[in-house]
Amino acid sequence: MWMQQIAQLDLSSTWVFGVRWSASGKTLAYLGHNSMIYFVDEVESAPAAQNLALRDLPLRDVGSFCL
């Protein structure tokens, strides 16, 4: 299977557990080992990231979030 890199994001320095694209394909969400959820808009042009900090242990699956 051939995979092509569409972007390299240096927006966080953490291990990534789960990754999911929104239905529109414009927003990427991923979970970090640091108990943060990251939302990245406009990945291909000018990435803008927002994050949400959690107090509990890190999540492992972003599939339970609606984007």
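In which sense do strand β1 and strand β2 pair, and over how many bridges?

Strand β1 (residues 16-21) pairs with strand β2 (residues 27-32) in the antiparallel sense, over four bridges. Strands here are DSSP runs of E with at least two residues, numbered from the N terminus, and two strands pair if DSSP finds at least two bridges between them.

## Basis of the model

This is a predicted model, in which local features need pLDDT of at least 70 and side-chain atom pairs count only at pLDDT 80 or more, while totals for chains, interfaces and linings use all residues. Residues are numbered from 1 along each chain as its sequence is written, and side-chain values use heavy atoms, with hydrogens and water left out.

## The aromatic pair

Rings of Phe, Tyr and Trp (its six-membered ring) pair if their centres lie within 6.5 Å; planes under 30 degrees apart count as stacked, over 60 as edge-to-face and the rest as tilted. The count by this rule is one aromatic pair. The ring centres of Y30 and Y38 are 4.8 Å apart and the planes are at 15°, so the pair is stacked.

Y30 is buried (under 20% relative accessible area, with a 1.4 Å probe and protein chains only), at 7%. Y38 also counts as buried, at 5% relative accessibility.

## D61

D61 lies in the segment after β4 (48-53). D61 has a relative accessible area of 53%, so it is exposed (over 50%; values in between are partly exposed).

The C-alpha atoms of D61 and Y30 are separated by 8.6 Å, and these residues are 31 apart along the chain.
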